[in-house]
Amino acid sequence: MSSMRPDLTCRVYPEPDSMEIDHLDRLPDSVLLLVFNKIGDVKALGRCCVVSRRFHNLVPQVENVVVRVDCVISDDDSSSSASSSDKSRGPFSNLFRFVFSGIVKPLQALSQFLGPKRASSSSSSSSSSSSSSSSGSGSGFGSLAVGTEDDGGEIDQAGVTHHSPTQVLKNFNEIKFLRIELPSGELGIDDGVLLKWRADFGSTLDNCVILGASSVISPGSMKPSIGGGGNNGGQENGGTDGVCGEDNGSIPDSFYTNGGLKLRVVWTISSLIAASARHYLLQPIISEHKTLDNLVLTDADGQGVLCMNRDQLEELRVKPLSASSASKRTLVPALNMRLWYAPHLELPDGVVLKGATLVAIRPSEQSAAKKEVSDGSWVSTAFEEPFGTAAKMLVKRRTYCLEMNSF
């Protein structure tokens with residue numbers, strides 16, 4: 001009976017050598033890189049890089065990186081801390097400040113990915129659609145930085161060290177696809193108002209598409225699906241927007257007298273300023289990362305999307321950026337615009353857009369190659385559903401042409 005005990009023990013308990021095997025080590029680097037590229041999130045990758053020396057060496061080779069921003073600090077919020085700091089500010093410091101919630105203080109070279117959580121309430125009051133949009137997008141936004149506990153950047157009153165995105169991403173050597181997501185859109189608009197834009201940039205604006213509506217009505221509802229319309233939207237809704245039978249494809253006369261045209265002008269200018277401000281802050285990142293094939297700067301609200309492909313990224317590197325140093329944004333050239341309008345636009349899913357407006361914009365002086373691209377399907381495919389369908393429906397209506405000087 002005693003002779004059976006060693007055999008029984010071997011069956012129940014593994015050999016000591018087998019307990020020390022880490023099966024994760026058997027995976028090749030290529031498989032781990034596939035996993036890291038699926039993760040993408042910069043803070044999650046920061047956690048991974050402190051797991052082991054192998055992970056620490058592989059994370060910088062990730063090609064797909066997503067940077068999600070927790071909050072944006074305006075110039076007013078950061079002015080007190082700025083006055084107490086003697087450190088010089090980089091080109092980012094007068095535009096945005098990104099503060100990431102922290103996890104732990106890393107022990108490896110990618111420690112700038114992580115930092116303590118900073119509580120911040122960045123609520124903006126909404127007055128009228130025109131005033132809040134123009135003031136929100138025309139002024140300086142703040143400064144751009146990432147909060148950590150390191151000593152390598154600017155320290156605010158909460159003891160958070162702020163690093164620029166250039167510093168945050170400097171350890172990545174092979175980035176091809178970069179997505180940066182702001183916590184919200186820059187434009188302050190009334191409740192119930194729809195406003196979305198998409199812009200493509202090279203060294204300057206290539207094209208921009210703006211979709212707006214004075215109100216959005218859900219199926220089976222007589223009220224806007226997102227709050228009550230603002231002052232300007234209310235003026236429109238009281239006009240011809242609700243008269244479906246009189247819609248002959250042309251803009252009604254009331255559009256010019258009830259504030260409808262003025263509101264669209266404000267939407268257009270505000271969206272262009274927001275897009276050019278985003279483009280300005282990306283320049284150092286683009287210059288630093290030569291491997292980039294695609295860059296997207298969006299926001300959690302889905303209000304605006306700035307896109308740059310490989311050719312546009314390369315154009316910005318070789319061609320000087322025309323920038324306004326005072327407003328911290330890229331200068332917008334003279335523009336040609338096409339406008340489509342529908343007082344009442346019902347989508348296939350039953351959603352109704354009142355005062356639906358689509359604006360397609362491109363520079364007046366543009367190369368033939370870029371014009372050929374702009375004359376394609378870029379307008380109708382600029383937005384995700386159901387707003388992509390709305391754009392396709394609007395472009396079938398009568399087109400109005402406008403011009404705008406550079407600013």
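Modeller: Start with a cut-off: buried means under 20% relative accessible area, exposed means over 50%, and partly exposed lies in between. The model is predicted.

Biologist: Why is R54 called partly exposed?

Modeller: R54 has a relative accessible area of 24%.

Biologist: What makes R54 and D29 a salt bridge?

Modeller: Their side chains meet at 2.7 Å, N to O. The cut-off is within 4 Å, so the pair qualifies. R54 lies in helix α5 (residues 53-58) and D29 in helix α3 (residues 29-39), so the pair ties together parts that are 25 residues apart in sequence. D29 is partly exposed, at 37% relative accessibility.

Biologist: How do you know that E181 and R179 form a salt bridge?

Modeller: The N to O value is 3.9 Å. The limit is within 4 Å, so this pair counts.

Biologist: Is E181 buried or exposed?

Modeller: Its relative accessible area is 18%. Buried means under 20%, so E181 is buried.

Biologist: Where do R317 and E314 lie?

Modeller: Both are in helix α12 (residues 310-318), three residues apart, about one turn of the helix. E314 is partly exposed, with a relative accessible area of 39%.

Biologist: Which residues do salt bridges with shared partners join into one network?

Modeller: E186, R278 and D299.

Biologist: How many salt bridges does a search of the whole structure find?

Modeller: Nine.

How values were computed
Residues numbered from 1 in each chain as written. Predicted model: local features only at pLDDT ≥ 70, side-chain atom pairs only at ≥ 80, totals over all residues. Heavy atoms only, no water. Helix = DSSP H or I, 4+ residues; strand = E, 2+ residues; numbered from the N terminus. Buried < 20%, exposed > 50% of the residue type's maximum accessible area, 1.4 Å probe, protein only.
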